[in-house]
Amino acid sequence: MIRVGLTGGIGSGKSTVARILAAEGIPVYTADSRSKLLLDNDPLVIDAVSAEFGQKIYQQGIADRKLLAEIVFTDRKRLEILNSIMHPAVERDFIRWSAEQQNVPYVIEESAILFESNAHLNMDFVVTVSAPIEVRINRATRRDNCSRDQIVARINNQMSDQQREELADFVITTDDKKLLIPQVLSLHKLLIDRIP
């Protein structure tokens, strides 16, 4: 089974690319949504998070994400601890999920932090989605109902498009000038052609 990592910064359009590939029959694992499920349902994660951050994190068996965010986003060391719990759990879950996929040419793991979490090391190919900063800011402020300053702060905490492009095997540009669907379908064909 070929594994393809799909990444890109906030507002880049990676979720749109993932939806196009899903429409082509490619299974897509969305790391962000799966990590939320793991936080609430994986016994290893629950035990580790409770031990590190206290039982108060779980109210009636559900993680208080707001409280957890308040703790980790004001203390980089605590964020690293949370990441050291969540990243391996997501990777285990992705491997399990990938093994369940049958009769497909490849699978996708969509993750904003594919490189930062080292998940790219387990991929056969990595695709990054890039867009001009102003396009990304406009998309994200509309989508997330956030201020420009909030989105810029998130962008500044992520790898740059240039850094991701240097590490990726393929780059898709979503600049509202170059047509997106032909780029994604061309990528899809390239990936299928690389299957032994």
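At what angle do the axes of helix H6 and helix H7 cross? Keep that in mind while we look at the model, which is a predicted one.

The answer is roughly 120°, with the two axes coming within 9 Å. H6 covers residues 133–144, and H7 covers residues 148–156. The crossing is right-handed.

Who makes the contact? On the H6 side: Ile 133, Glu 134, Arg 136, Ile 137, Ala 140, Thr 141 and Asp 144. On the H7 side: Arg 148, Ile 151, Val 152, Arg 154 and Ile 155. By class, the residues of this contact are six nonpolar, five charged and one polar.

Now to strand S6, residues 125–130. Is S6 mostly covered or mostly open? Mostly covered: six of its six residues are buried. In a regular strand the side chains alternate between the two faces of the sheet. Here, Phe 125, Val 127 and Val 129 point one way. Val 126, Thr 128 and Ser 130 point the other way. Both sets are buried.

Next, the partners of S6. Strand S1, residues 2–8, pairs with S6 in the parallel sense over five bridges. Gly 5 stands opposite Val 126 of S6. Strand S7, residues 170–173, also runs parallel to S6, joined by four bridges. There, Val 129 stands opposite Ile 172 of S7.

To recap: S6 is a buried strand with parallel pairing to S1 and to S7.

Methods. Residues numbered from 1 in each chain as written. Predicted model: local features only at pLDDT ≥ 70, side-chain atom pairs only at ≥ 80, totals over all residues. Heavy atoms only, no water. Buried < 20%, exposed > 50% of the residue type's maximum accessible area, 1.4 Å probe, protein only. Helix = DSSP H or I, 4+ residues; strand = E, 2+ residues; numbered from the N terminus. Pairing = 2+ DSSP bridges. Axes fitted to C-alpha atoms, helices over the stretch in contact; angles between N-to-C directions. Left-handed = near helix turned anticlockwise from the far one by under 90°. Contact = heavy atoms within 4.5 Å. Nonpolar A, V, L, I, M, F, W, Y, C, P; charged D, E, K, R; others polar.
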